[in-house]
Structure formats: structure tokens, C-alpha cells
Amino acid sequence: MRTRDLTGDNTQVVKVPTTERPRVNQNMKMKISDLEVWYGEKQALHGVSMDVVENEVTALIGPSGCGKSTFLRCLNRMNDLIPDVRIKGEVEFENQNIYAPEVDVVELRSHIGMVFQKPNPFPKSIYDNIAYAPKILGQVRKRTDMEDLVEHSLKRAGLWEEVKDRLQMPGLSLSGGQQQRLCIARAIAVSPSVLLMDEPCSALDPVATATVEQLIDELKENYTIVIVTHNLQQAARVAGYTAFFHLGNIVEYSDTDSLFTHPREKKTEDYITGRYG
Amino acid sequence: MSQGITLAPSRRLKKRYRAEQRFKAYCIAALLLALAFLVVFFSDMIRQGYSAFVQTEIKVDVTYDEDTIKFTNESVTEEVSPLISRAFYRTIPRQVEANPDLMNTTQTRWLTATAHVDQYRKGYSDRLDPELKATLDRLDSEGRVSYGFNSGLFFSGDSKIPSNAGLWSAFVGSFYVMIVVLVVSFPIGVATAIYLEEFAPDNRFTQAIEININNLAAVPSILFGLLGLAIFINFFGVPRSSALAGGLTLSLMTLPVIIISTRAALKAVPQNIRQGAQAVGASRWQAIRDHVLPLSLPGILTGTIIGIAQAIGETAPLLLIGMIAYIPDAPTSMTEAATVLPAQIYTWSGMPEGAYVSLTAAGILVLLSLLITLNATAVILRNRFERRW
């Protein structure tokens, strides 16, 4: 199938059928081409290609087991931690293939941050949760600088007002939604340019979800965000672009409005109207 | 039309409830049986052992002069002399040496009686010479006989005189052995567990290692004694009977316990803590050092304490490497011949004199309370630092 690339480069054959050409004046932050992933004998991704638009929120949706989380975890090489995993293909970030042998994963992950499904603050104080990564990466050395960074990160994550009087309390003493925002603050403290979020609201109540969604909306000014979600309304609310995954392939990838209002593929329509998934 | 529904239990349901009740009763019966054994064991030990914590003492006048230093049993009157433990007479020259002012004085002292007197007073034996019995009864009526706390049980070493025998050298030996076990098996065990749990690939080789470590925990302890004898004493030339040899041998036994419990503690740390750390750019080792280890430390310490408690109570492997010797004076170094608490109990249990029966029981009580203390520490540690996720 010959289709148009998101960048508008028509000479390239990709497996992404698009219904509408996205705004081409935007830069592409990451370019993924022919990504294949196997867990042991089982293939989880069958040659996925897509580009991630800079300073936008890109949502990955699809039924359970479709490979969207696998795909997300390939973008900062978190899948490397799983034994028996094999990965083929290229993920281009800052003009480098992150799977090239000279790439250091620890360095990579300081540029591409991640927020997990279940809030996982470190069992340390709120302050140390934020300060940990900048400290071990050697980004901040002076104590006063660190205090500024902690304050700044918590403000960006919209948590400062709630915790400024109890920075030495354990991170685990916060509520679920606060913990998740703490994890976001922790992720942005090392100033990454991309944030990956793996169903960040699935363990949160609706009020906390709304807060985190609002935060995501604010963060996209400075960060490129890729978010996996099971919640279609959430994708519609926060994402500028949405990709629909099914059985390890991208079925459809376009701007969110088109995908939800005029899905091009029958499968997409079936999924977003709730016929399966 | 609605059908008639009865909410009263059906016959089938009643049967199910009865089965449940029966099962509960079996479980309670099993528990009571176990408790009964425990109560019988403890009450027997306490009944036999409590009397060893006190000793018969007799109030006598002790004369210190040139003669009594030479013929020490003449320091008290001829009549009382055979009632007093020989252990006291032996100390007279030393007492005078330590305190020359005693020379040519007469002091009134409470002195430890012989084991025969003690056993007679406690009602265990009637084989006391009738003349001595009469003397004792007269002294008793004068208020010159009573029970005193047997501090020698804790503060003197083993002795062939039962009234003088104590656990001190066994305490010191056990302490040295414990230090050796801790220093050897804690770092090796924890490091092994971290490697196996966090770094090792999952392949045939590591699986074989894992199975063998688990098997090692089930090897009869006497075999570790043979191994210790062959390797540490015969091959490396560690002194026989020493706390070092004993500690190294027991380390072999404690290692699998520490490895297994450390692995369990590491496994209990949720995966997302490691991922969270690595996602912000921590290396694998940094994630382990800064997040996983602090979280699993209570579990690791619990396992270590239980492993060490096990090592302290172990006798069989020590018999093979000669830690069953008669040690009247506490060892002053790791390489000197030493004995440990359970070995001391074993030695006493084989002695012919009746007084050693109570000493054996008292030794068991002391060892048990030590082990209970250690295990309670482990439980407290675990409860205090337990985290819920």
C-alpha cells in the first residue's frame, strides 16, 4: 500500500495510511521506521513506522495487547530491561538512531523521560524524589541550585503549592494523583525533551485525571509527549495526533480530530465506536 | 408469578458449613498439640534447670595466713571444710596476691558449697555423709546456709567441679564464631544474591546454580563439618578446634540461608521502582544501590539474623572439627581452641555427676533465650520496616 508520510515526503513508502496531511510546518521530534519487536518467539510489533511531532501530544490507542506499550517502551529503550527481547528497526532522535551501538542508554533516558502507569515515586522524601536524578547525572551540584530545581520542577508539575511545606515527607504519603504528578516532576527535573507516558491516569480517580490532563496540555509547550491511553476520550481531549494500533501494526495515524470524526479505516471506526477492544 | 425463595440454608449448604467447622476443628487440634509439646518441653527444662541458677552458700570464717596459703582447706574450720567447694580453696593464694591486706586476717564469707551439699539441699540426692548432714543441718538452724545467685554459671568457664562450672568460655566462643559467620557469609551471601537476582541472565547455568544453592540449604549439617575438616583444617591449615575454623564451617551452612532470604527480599521490591530509577537515567547498579537495597534491607537483615541464630544453635559440624574440647578458660583469639554454647551443653550432658543434669538444663534455657532474643529481633526488624505498596 502506497501512502503518504506524515512529513509530506511522498517518496517514502511507509505503512501509515493517513487521512489528512498534518500541518507540515511542524518539526518531527522522533522518526521511527520499521520497528519490529519480539518477546522470545512472539512478535509484538510488525514493522511499525511513524513520526512524532515536536511539541505536540501524540496518543497511542488500541485494544490490549496491540503493542502500543511495547512501542512506547522502545522509544527510550526500556524494553532492553526485559530478558529475551529482540528489537529491529530504527528510532531516530536528534538525528541519531537510538539503537546504534554507540548510544548509551543511561544518557538517552536523561533526554527521553518516562511516566509509568502506576505512580512509582521512590521510597524517599518528596525532595529526594526530584533531586535524585539530577544529582546522579551530575547536572546540579550546588545545594541552592538543587533547591531551585526542585521548586521549579514541582511548579511545572503543578504540585508545588500542595507540597511546599512538606518536602521532607515521604513521596509515598501523597495521594495517587499527587504521586503521579510527583513522578512527572521527577521526569522533567532532568530536562528531557521528550516525555513518554504509559497510561498515566489509569490508576487515578476522575478529578486527579483531570489535573494530570491539564498538566499534559501545559507541558506540550516545552516537551514532546507520547502518551499511551486506554481512554479514548482522554486521547481526544489531550492529543493533537493519535495513532491506532492493532495486532502489532499501526492501522491509522493522523491528527486526532480526523481520526475520531472521519476514521479512514473500518477497524478504527469499529474500535472508536466501541464495537471491539 | 414470583417463585417461592427460601433464604433458610438448604441441606446441602448445612453440610458445607459442617465440613467447614470440622476442618477448623482439625486445625485448632493440631495447633493445641503443638502448643502442648512446647509447654511440656519448656516446663521440663525449667523444672530441671531453674535450680542451677541458684547455689547453696554457707557462711563461714576464712582465715588467711602462711599456713592456709599452703594448705588451703585449713582456712576454714575442720568441721565445715568438706562442705565447701574445692574451687574456693584454689583461689586463696590468688586472693592474697591480689589483696595483701588479707594476710593474717579472718573474714566472714558466704562460700559456695560442694555439689553434693547442693544436690542434697535441693533434694536431688541423699548420698551425703551422715556426719556432714548433721553439720549442715546445724549450720542451717543457725541461719548460716542459704541460696545465692549462681553467677558462676554465667561468668566462669567450664570446670570439672560442677559447682564451679559455667558458660563463660562457651559465650566467648559462640561470640567469636558469630563474628566469623557474620563477616564471611553476610557480604558473600548478599553479593551472590544481588548478582543472581539483578544481573544474572536466566540460562541453564544460573538455573543450575540456583537449584544447587537451594539444595545446599537442605544438606545435613554434619556434612558441612566434614567439608570444613577437609578444606579449612586439612587444606588451609586453620587451627583445629578454633573459633575461626568453626565460624568458617558454619558460614558454609549460613550462606544458602542468607542467599535465599536476600533473593526473596530483592524480589519483593516492585519492578516499577527499578524501572522508575532507570527511566530517569540511573544505571542498573545505581538503581539497586539507591532504591532496591534500602527497601530490601529489613528482609536481608531478618534472613541474616535467622541464619546466624541457626549457626549458633548448631552442634553437629562442630563436633567434627573438634570444637567439643574442655575449655576452662575463655579463648582470647579466633585461633585458640574454643567451645560454643550447644557444644558445652552436649559436654555437660555426658558428665556422670548429678549436678551436671541441672547445669545441662540451665544451659539449654540460656541458649534458648539467646535464640529467642535473636529471632524476636528479626521479627521486630521486619515489622518495623515493612512497607506496603
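Q: Which hand does the crossing of α9(B) and α10(B) have?
A: This is a predicted model, in which local features need pLDDT of at least 70 and side-chain atom pairs count only at pLDDT 80 or more, while totals for chains, interfaces and linings use all residues. Residues are numbered from 1 along each chain as its sequence is written, and chains are lettered from A and ligands numbered from 1 in the order in which they are written. A crossing is left-handed if the near helix is turned anticlockwise from the far one by less than a right angle, and right-handed if clockwise. For α9(B) and α10(B), the crossing is right-handed.

Q: How is the packing of α9(B) against α10(B) classed by angle?
A: Helix α9 (residues 221-235) and helix α10 (residues 243-267) of chain B have axes 9 Å apart and an angle of about 130 degrees; helices (H or I, at least four residues) and strands (E, at least two) are DSSP runs numbered from the N terminus. Axes are lines fitted to C-alpha atoms, for helices over the stretch in contact, and angles run from 0 to 180 degrees between N-to-C directions. Angles under 35 degrees count as roughly parallel, over 145 as roughly antiparallel, 65 to 115 as roughly perpendicular and the rest as oblique. The angle therefore makes α9(B), relative to α10(B), oblique.

Q: How many nonpolar residues does the contact of α9(B) with α10(B) hold?
A: Residues of α9(B), including Phe224(B), Leu227(B) and Phe232(B), meet residues of α10(B), among them Leu248(B) and Leu252(B); contact requires C-beta atoms, placed from the backbone, within 7 Å. Ala, Val, Leu, Ile, Met, Phe, Trp, Tyr, Cys and Pro count as nonpolar, Asp, Glu, Lys and Arg as charged, and the others, Gly among them, as polar. The contact has no charged residues, four polar ones and a nonpolar count of eight.

Q: Which residues of α10(B) does α8(B) meet?
A: The axes of helix α8 (residues 204-216) of chain B and α10(B) come within 8 Å and cross at roughly 125 degrees, in a left-handed crossing. The contact divides into five nonpolar residues, one polar and no charged. From α8(B), Ile213(B), Asn214(B) and Leu216(B) take part, and they meet Pro256(B), Ile259(B) and Ile260(B).

Q: Why does Leu196(A) count as buried?
A: Leu196(A) lies in strand β7 (residues 194-198) of chain A and is in contact with residues including Leu72(A), Ile112(A) and Val226(A). A residue is buried if 20 or more other C-beta atoms lie within 10 Å of its own, exposed if 12 or fewer, and partly exposed in between, with C-beta atoms placed from the backbone. Leu196(A) is buried because the number of other C-beta atoms within 10 Å is 28.

Q: Which element provides the largest share of the side of chain B that touches chain A?
A: In total, 18 residues of chain B are in contact with 21 residues of chain A. Two or more residues are given by α11 (271-279) and α12 (284-312) of chain B. The largest share, seven residues, comes from α11(B).

Definitions and conventions. Contact = placed C-beta atoms within 7 Å. Lists of a residue's contacts leave out its neighbours within four places in sequence.
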